[in-house]
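Have the structure open while you read.

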Amino acid sequence: MTLCHTDLVHAGREQLRELGVHALPVDLSTTYPLDGLESGTASLDRLVAGHGSADNPVYARLFNPTVDRWERAIAQVEGAEAAVAFSSGMAALTACLLAVSKRGKHIVAVRPVYGTSDHLLCSGLLGNEVSWVAADEVAAVIREDTALVMIETPANPTLQLVDIAAVVKQAGAVPVLVDSTFATPVLQQPLRHGASIVLHSATKFLGGHGDVIAGVIACSENLARDLRQVRVATGALLHPWAAYLLHRSLPTLKLRVERAQQVAGALAARLAADSRIAAVHYPGLPGQAGADILQRQMAGPGSLLAFEVHGGHAAAAQVLEALRLITPAVSLGSVDTLIQHPAGLTHRVVEADNRERFGIGGGLLRLSAGLEDPDLLWNDLDQALASVKAAARAA
Ligand SMILES: *Cc1c(COP(=O)(O)O)cnc(C)c1O
């Protein structure tokens, strides 16, 4: 089942007519006038316990109607009972690890994942113990105190696809979290494949214009209560302006994702046919690993691709420096095309051995296609590749 434009245009806007407005209202209040102490205390008790609504918001760390409206929209488009928004993708993952920690401290995870997610799990900052395994080895490491299985698909930065349903089957009663940032709900709805928790760095496609940092978890109402309790206690809130921008971006999500996907497909095909390129990783190219997973689990291969240049780190650095239209910058999922060097930037915090082992080498570049004309993007890539000095290419 795929999302239609109508779902995205109207999600979370049900109350607007009743409110007598057409655009999304932004409520910037940090505190709210109380009708009386008794009712104020009752509202506070509900919100501190993690309920998603109360008669009075009391204080903006407990509830904000603009953020709540966007959360309801995201729950709808992911097919979830609830969604809980945070100040960043990492704040969302942190809240999730804290919320499930009453089940135990053991986490099972499949590499590669986003560099800082890898780092958060490995650092021991939250007291977790992690078993890193291949996607078909999950069952073998599940323990009594396993609190969560975490996967990312498509994975950052190699675009590896993981079979969600197969991991869910192995996890048994343990909840499976899918970081679905690269796919967006337009291309993949993990809950429909049995996952319990969907995480988005909303900084990427959900924001879509490079001007908001945000994270969101879509899940059951039960887990949402635990997540809201963590959010109330730790304060990693999404600001209402950010929620407004995110909600404003939702109606165009499918248009943006599908256009960027077409652009990525065109670039991937040209890169794959180019002798200056050692390898291209794009789930939509013929002969790539995971074609069966793409078919079963996704509505399309998306707009991220990675490629390896001959000549490793030095050659990759020269390509980045020579680009004029494409912006050398981390992040992804924006209206414009971005390119970055995972080993030197997004995955720099991952141990060097693990980077090499999971395909994050010196010659790897990750490109997030935007909405521009593919021919102009190709011209830019072509001139940048041509600028790589023979000495670097041979290195
Ligand atoms: C960017 C990213 C994150 C982290 O999100 P922030 O909003 O930067 O905190 C997590 N997972 C993936 C796949 C990402 O690309």
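Helices and strands here are DSSP runs, numbered from the N terminus: helices are H or I over at least four residues, strands are E over at least two. Keep in mind that this is a predicted model.

**Largest pocket**

- The volume of the largest pocket is about 410 Å³.
- It has 28 lining residues, and Phe63, Asn64, Asp68, Glu71 and Arg231 are the closest to its centre.
- Three elements each put at least two residues into this lining: helix 4 (65-78), strand 1 (82-86) and helix 10 (221-234).
- Helix 4 has the largest share of the lining, at 5 residues.
- By residue type, the lining of the largest pocket splits into 11 nonpolar, 7 polar and 10 charged.

**Second largest pocket**

- The second largest pocket holds about 300 Å³ of space.
- Of its 21 lining residues, Gly89, Met90, Tyr114, Ser201 and Lys204 sit closest to the centre.
- Helix 5 (89-100) and strand 6 (197-201) are the elements that contribute two or more residues to this lining, and helix 5 gives the most, with 3 residues.
- The lining of the second largest pocket comes out as 8 nonpolar, 9 polar and 4 charged residues.
- Why does the second largest pocket lie between domain 1 and domain 2? Both domain 1 (5-252) and domain 2 (253-394) give residues to its lining, so it lies between them.

**Ligand**

- The ligand has 14 residues around it, with Gly89, Asp179, Ser201, Thr203 and Lys204 the closest.
- Gly89 is also among the residues closest to the centre of the second largest pocket, and a backbone N or O atom of Gly89 lies 2.9 Å from a ligand oxygen atom.
- Lys204 is likewise on that pocket's list of residues closest to the centre; an N or O atom in the Lys204 side chain is 2.8 Å from an oxygen atom of the ligand.
- The side chain of Asn156 has an N or O atom 3.2 Å from a ligand oxygen atom.
- How much of the ligand's accessible area does the protein cover? Taken on its own, the ligand has 380 Å² of accessible area, and the protein covers 93% of it.

**Cavities**

- Rolling a probe the size of a water molecule over the atoms shows where empty space is left.
- The count of cavities of 30 Å³ or more comes to 3.
- The largest cavity has about 40 Å³ of space.
- Phe205, Arg256, Val257, Ala260, Gly333, Ser334, Ala369 and Leu371 form the lining of the largest cavity, which divides into 5 nonpolar, 2 polar and 1 charged.

**Backbone**

- As background, most peptide bonds are trans, and most residues other than glycine have a negative phi.
- Arg111 and Pro112 are joined by a cis peptide bond, with omega about -5°; Pro112 is in the loop between strand 2 (106-109) and helix 6 (115-123).
- Another cis peptide bond joins Thr153 and Pro154, with omega about -10°, and Pro154 is found in the loop between strand 4 (146-152) and helix 8 (164-171).
- Leu159 lies in the loop between strand 4 and helix 8 too, and has a positive phi of about 65° although it isn't a glycine.

Definitions and conventions:
Residues numbered from 1 in each chain as written. Predicted model: local features only at pLDDT ≥ 70, side-chain atom pairs only at ≥ 80, totals over all residues. Heavy atoms only, no water. 1 Å grid on protein atoms, 1.4 Å probe; cavity = no way out; pocket = protein on both sides within 12 Å on 5 of 7 lines; lining within 4 Å. Points joined across faces, edges and corners; volume = space filled by probe spheres on them. Nonpolar A, V, L, I, M, F, W, Y, C, P; charged D, E, K, R; others polar. Domains from an automatic or database assignment. Near = heavy atom within 4 Å. Polar contact = N/O pair within 3.5 Å; in protein donor to acceptor, adjacent residues only side chain to side chain. Areas by Shrake-Rupley, 256 points an atom, 1.4 Å probe, with all protein chains shown as cover.
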